[in-house]
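Have the sequence and the model open while reading.

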Amino acid sequence: MIKQILSKLPKKVPKSDSSDSSRSDSSNSTSFGNVFQCTNVGSTISSKLNVVKRVSSVVFPASMSAGVEAVDPCLSFKDVSNTQKQSLFISKLNLCCKVYDMSDPDKNSTEQDLKRQTLLELVDFVSSGSVKFTEPAIAALCKMCATNLFRVFPPKFRTSSGGGETEDEEPMFDPAWSHLQVVYDLLLQFINYNSLDVKVAKAHIDHAFILRLLDLFDSEDPRERDCLKTILHRIYGKFMVHRPFIRKSVSNIIYRFVFETERHNGIAEMLEIFGSVISGFALPLKEEHKIFLWRALIPLHKPKSVGIYHQQLTYCVVQFIEKDQRLASSVIKGLLKYWPVTNSQKELMFISELEEILEMTSMAEFQKIMIPLFRRMAHCLNSSHYQVAERAHLLWNNEHILNLITQNRQVILPLVFSALVHNAQSHWNQAVLNLTQNIRKMLSQMDEELVLACQRRIEEEDSAASAAAERRRLTWERLEAAASAAAAAAAASVQSSSVGGLVPVKSATCSVAC
């Protein structure tokens, strides 16, 4: 019984076995150490032969460099083999993800120079056509561009209420432009790359990337906005899947600018892009494109800073009318809605744009808006600002506009003839007087009977106005005489009451009232 119990107890390991096991462990560790040393020696030799060095995983995250051999980014593309150039390209991109404070040129100057030199090497390598934009390379490049470009701008301390730089304000230049310019150049070459797989690239040039890119249009540096204009245009042309999203996002920026902030620096550049986009719209125009015209482009005439982007805005509007002339009447109605009343410089811009639109307007569309249009033109002809009056007179020198007026002269001449007559009688500027006389001669040659009828009507209106003024004068004279008589009677009654003694209050009050 005791033997059975003892047999179940664990046996002690002999000292020889334990020592053997310890020896085997030490021998194994020694052998692994030898192997590790040999491996290190072999890798050192191979690195010296292949000029390849491993770098820290902190610089190259696993998600960005999975399956990619990381190469020392300080090496030149000439010093590595063709098979290692792709890895070196990604290594250099990751090195350039470090952002420095460029406001102090003496701070980190060595690192800044190294980064700029690396960026220039990347641009040269891409322009040579040797790079293959695989998914890891695209991801690394998009990450580098996002890290360097996407940033929050400081608050604007401009004194003017409008967006963008005015003529009196000097543009502000970004101190980091020496690096930003090269990054923009690299991004542009990447988008223009002939063998770029758009299906792979669109996973990284996605909606979030485009939104952040559009935010950069508010930069106060005109050089940056010019680069962004080119890049966004290339993205719109190459990534067709993103076109509706880009149009919608730009519309939202315009809505916010017009109806909320009236502050944005990049409206002119965005409109310049859309000028070429609109010219490529297929016919018939989609409802989405017409809504963009009515809800975005026409309200852009409202802000005070319209002069900054008016040239690009006019081009976009004209492109729409060239596509579909039936839009002309709605555009002119929009101009009349936002017509400036107290801003003469804006009024000059509106008249110039109106002339370009009328040159492409058909007779049917012109007849829809000619009455409100020439009521406004009559005010412009009569403007005391000589440039506005002069510009309104010069509309009549346009052959197409004159033809439209001639065929509708029965309606138009009565609307503007009184303004011409008043100009001839009382305008202070000699140049405007001369233009008025020329238009009246032209109208007489066009339809003398109608001019005489308008003249008679104006004379009748003037005589009626004079008669009404005379009646008003006589009425006022009678009122003044009655008021004087009442005042004299009241004064006499007060004087008589004071001579005759106290008068009851009630009777005195009644006498004054009478």
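## Terms and model

A pocket is an open set of points with protein on both sides within 12 Å along at least five of seven lines. A cavity is a set of points where a 1.4 Å probe fits but cannot get out. Lining residues have an atom within 4 Å of a point. Grid points are joined across faces, edges and corners, and a volume is the space filled by probe spheres set on the points.

This is a predicted model: local features need pLDDT of at least 70, side-chain atom pairs count only at pLDDT 80 or more, and totals for chains, interfaces and linings use all residues. Residues are numbered from 1 along each chain as its sequence is written, and side-chain values use heavy atoms, with hydrogens and water left out.

## Largest pocket

The largest pocket holds about 550 Å³ of space. Its lining has 28 residues. Nearest the pocket centre lie Arg151, Phe153, Pro154, Asp174 and Pro175. Helices here are DSSP runs (H or I, at least four residues), numbered from the N terminus. Both α5 (135-149) and α6 supply at least two residues of the pocket lining.

Residue classes are set by type. Ala, Val, Leu, Ile, Met, Phe, Trp, Tyr, Cys and Pro count as nonpolar; Asp, Glu, Lys and Arg as charged; the others, Gly among them, as polar. On that basis the pocket lining has 13 nonpolar, 6 polar and 9 charged residues.

## Largest cavity

The structure holds 2 cavities of 30 Å³ or more. About 80 Å³ of space lies in the largest cavity. Which residues line the largest cavity? They are Leu354, Leu358, Leu373, Phe374, Met377, Leu381, Ala392, Leu395, Trp396, Ile401 and Ile405. By class, that lining has 11 nonpolar residues, no polar and no charged ones.

Three helices each give at least two residues to this lining: α15 (344-358), α16 (363-381) and α18 (399-407). The largest share, 4 residues, comes from α16.

## α4 against α6

Axes are lines fitted to C-alpha atoms, for helices over the stretch in contact, and angles run from 0 to 180 degrees between N-to-C directions. The axes of α4 (residues 109-127) and α6 (residues 177-192) come within 10 Å and cross at roughly 20°. That makes α4 roughly parallel to α6 (angles under 35 degrees count as roughly parallel). α4 passes α6 in a left-handed crossing. A crossing is left-handed if the near helix is turned anticlockwise from the far one by less than a right angle, and right-handed if clockwise.

Contact means heavy atoms within 4.5 Å. Residues of α4 in this contact include Leu119, Leu122 and Val126; those of α6 include Val182, Val183 and Leu186. By class, the contact of α4 with α6 has 8 nonpolar, 5 polar and 3 charged residues.

## α13 and its partners

α12 and α13 (residues 306-323) have axes that come within 11 Å and cross at roughly 145°. This crossing is left-handed. His289, Phe292, Leu293 and Leu297 in α12 meet Leu313, Cys316 and Phe320 in α13. The contact of α12 with α13 has 6 nonpolar, 1 polar and no charged residues.

α13 also packs with α15, at an angle of about 15° with the axes 10 Å apart. α13 and α15 are therefore roughly parallel to each other. Their crossing is right-handed. Among the residues that meet are Val317 and Ile321 in α13, and Met349 and Ile357 in α15. The contact of α13 with α15 divides into 6 nonpolar, 3 polar and 3 charged residues.

## Backbone exceptions

Most residues other than glycine have a negative phi, and most peptide bonds are trans. The peptide bond from Leu283 to Pro284 is cis, with omega near -5°. Pro284 sits in the loop between α11 (267-279) and α12 (287-297).

Glu262 has a positive phi, near 55°. Glu262 is in the loop between α10 (243-261) and α11.

Terms used:
1 Å grid on protein atoms, 1.4 Å probe; cavity = no way out; pocket = protein on both sides within 12 Å on 5 of 7 lines; lining within 4 Å. Parallel < 35°, antiparallel > 145°, perpendicular 65-115°, else oblique.
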